[in-house]
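This report covers a single protein chain.

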Amino acid sequence: MKIFKFGGSSIASATKICNVAGIIQNASSRTSLIIVVSAIWKVTDMLAEIAFLAGKGDAAYREKLDGIAALHSGIVRELFREAASAEDSWLQELLAELRDVLHGVFLLRELSDKSLALVLSYGERLSCRIVSRYLHFSGTPAECIDARSLIVTDENHCYAKVDRLATGKRIRERFSEFHSLPVVTGFIASAPDGSVTNLGRGGSDFTATILGAALHAEEVWIWTDVDGFYSADPKRVTDAQVIPEISYVEALELSHAGAKVLHPLAVQPVMKAGIPLRIKNSFNPDSPGTRIGNESGLQEGRPGTVTGLTSINHVVLLSLSGSGMAGVPGTASRLFTCLARHSINIIFISQASSEQSISVAIMPAQAMMAKKVLEEEFVREIDERRIDPVSVRRNLAMVAVVGNKMSGHPGVSAQLFETLGKNGINVIAVAQGANEMNISLVIESGDEDKALNCIHESFFLSMRKVHVFIAGTGTIAKSLISQIRQHRLTLQKEMDLDVVVCGLANTRVMVIDGDRKEMDYWYDTIHEMHERSSRDGRAGIDEYIGLIKEANRHNTIVVDCTASRLVAEKYPELLQANISVATANKLGMAGEWALYRRIMEAQRSSNAKFLYETNVGAGLPIISTLNDLKNSGDRILCIEGVLSGTLSFIFNELRKGGRFSEIVRKARDAGYTEPDPRDDLSGADFARKLLILGRELGYKLEYADVECQSLVPESCRGEMTPAEFLDRLPAIDDWYAAEMESAAREGFTIAYTGELKEGKAKVGLKRVPLESPVAGLNGTENLVVFTTDRYLMTPLVVKGPGAGGEVTAGGVFADILRIASYLV
């Protein structure tokens, strides 16, 4: 024999009741069954609302009661069709009883627990009659059995305690033999005086397992609207997986900690009797579901130490603290006894080893009552300032990590807290049982989804995700999107890493789509965004950053592909929110010293990463090389070289005999310069790069401290278009030709180089020997020479392409992967 229990979502409509009938009829051909049903979906909530309205004397309860009557009448008409009139008499009789009870509550303006339990019982009494009658109507003889005749409880009407001995005796007597299919009301029971009691919300699960244990059933099946116990709530963690098998104790821990699949008390009867419990999906009956049984019966070699995680949102943390608590016996006992005396349920306990504080988590509705009664209990100690007034902290959530294999397995806690720390999630309180099967944490409720997702990814998934939000839609951003698109599958296969682009913005428009995983979408989107309507730049960036913070995704990286000061100014805010940043934008690290300092301070105070390798050498490892030298104890004596791909190209072409103005025009046409070539010829970009390197060495430098020689002739400065500038530029061609010829006669060439030495930085024209590495550069190549104590006779040289969207995007992509390796 098996016990089948169907929840409210499984019988929420006539169509769903037909589906349930099919499941029952199919199973009853193979084994005998007893059916337990909940109230139709949402009806218990509706009845509670109606009861409270009536208790306040609000006549609006009548309209809502009509809604319940219409719901059940509509289901009966749809199920029984021409025969519906024959079913109407019992339905109207039950509804009339309910109206009379509510009318009495309305007249008295009083709703006792006893009256509330009676009102709530009509949900199951109606649904049970409908299901049993429909089974009979469709060819399966069935009988509606009121659980008030079976389950005996104490007189705590709304969350009654079951008398197991009396209940077991009644159940065995009633089911010693039966000829038609029993359909039993879930949730409801009766006190010794015959008054209606209930087993608490979700108590129909408990009804089913009580029946199963008393009758020594083969199995108890809980039919619901999900495929079983999940590794996390699938509505909040999209990668959650069905758990094929778990132990009774794991199911107990998960249900007590917030998993809504199963009533917390439902496991106890079948665990004691050794009867397997199975969670099944009535909308996917072929799915195997989750089997709950003895630990020894679980599959051998089940992977992972953690079985599942769950959470309770909106909890309140009450803390009792004070030096007067230390070494005083009975303080904890008084606290717990006081709360129990006032029926305040504790869902979490944490106590400091110093004995100077005890924290408990409770539901918000009981918070003020709990504070009041505790301060009354400890009034003398509070008055004498030996104990502080009870503190109340709201807007919190509790997350529980559960697993049999956690016991005796080193590193679980370390992995858990490291994962939370890297994602900037503050743990307010911690509790772990002596059996090591459950680690519970209290965190800010706004971090709940983020915590569930990053913990789940850490313990359950081999594939880790980073969520990337891109600022900028220019050449670098386009190349980056293209590179991610091309290499995403390779990263998934070889590194178990999924780079998920979640947002894209420029100063005109933004697109955020956290569920969009196809890179083709972002590739197409970035090419469309330039055509969108204009908007205020600052407002757009502020909104974009605000939405990123609001999304609060785990493993978030903001990638700055702009040259915008507005975006750079947001770096401290992002880092303080524990959001990592990878940037190709120099205006943060080469901006005002005050902004630079705020960025560095924000990075040091957060768990986020801030990488800016492309600020100096595009895709070349210049900053990382510098930091490796410095951090390993080497002393940097001098840094010199060419740090502008544009200027490198111009002077490399000059050495081949070209004319300066023609080369500049050629560089512009090739996309090596900005739209206005004066931006490159001014040397400002080169100077910013040298400024960044100087700051990396610890020098307090501003941009004005860098000696910078501009290559823009005096006659070409001031207001003019780029075309006008290029038309005037040939006037200096002869000077460059003569200078190159003069240098060559002496075995030199000219180049635009930079030097950082003894805290002083300068960039400008310089004669260099023909055998110098600078003279051997080609195209847009950059070159940096590090002279250090270790690399004194033979300096360390870093050389390679220093310009172009593809190269810079590759450097940004590399920074994303470095941050990802830290986060995951």
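## Lysine 5 and its surroundings

K5 touches V36, S38, S204, D205, A208, W221, I222 and W223, leaving aside residues up to four places away in sequence. The model is predicted. K5 sits in strand β1, which covers residues 2–6.

Is K5 buried or exposed? K5 counts as buried because its relative accessibility is 7%, and the cut-off for buried is under 20%.

## The chain as a whole

The protein chain holds 29 helices and 28 strands. Its C-alpha trace spans about 115 × 70 × 55 Å along the principal axes. The radius of gyration is 36 Å, whereas a compact globule of 824 residues would come near 28 Å.

Of the 824 residues, 54% count as buried. The chain exposes about 35,400 Å². Carbon and sulfur atoms supply 49% of that area.

Several helices each supply at least two lining residues: α15 (475–495), α21 (614–617), α23 (645–654), α25 (678–681), α26 (684–696) and α29 (805–823). By class, the lining has 15 polar, 10 nonpolar and 7 charged residues.

## Enclosed cavities

How many cavities of 30 Å³ or more does a search of the whole structure find? The search finds 4. The largest cavity holds about 50 Å³ of space.

The residues that line the largest cavity are K422, N423, K450, R553, H554, N555, T556, N578, I579, S580, A608 and L823. By class, 6 of them are polar, 3 are nonpolar and 3 are charged.

Conventions
Residues are numbered from 1 along each chain as its sequence is written. This is a predicted model: local features need pLDDT of at least 70, side-chain atom pairs count only at pLDDT 80 or more; totals for chains, interfaces and linings use all residues. Side-chain values use heavy atoms; hydrogens and water are left out. Helices (H or I, at least four residues) and strands (E, at least two) are DSSP runs, numbered from the N terminus. Buried means under 20% relative accessible area, exposed over 50%, partly exposed in between (1.4 Å probe, protein chains only). Contact means heavy atoms within 4.5 Å. Ala, Val, Leu, Ile, Met, Phe, Trp, Tyr, Cys and Pro count as nonpolar, Asp, Glu, Lys and Arg as charged, and the others, Gly among them, as polar. The radius of gyration is taken over C-alpha atoms; the globule rule is 2.2 Å times the number of residues to the power 0.38. Accessible areas come from the Shrake-Rupley method with a 1.4 Å probe; for residues, only the protein chains shown count as cover. On a 1 Å grid over the protein atoms alone, a cavity is a set of points where a 1.4 Å probe fits but cannot get out, and a pocket is an open set with protein on both sides within 12 Å along at least five of seven lines; lining residues have an atom within 4 Å of a point. Grid points are joined across faces, edges and corners, and a volume is the space filled by probe spheres set on the points.
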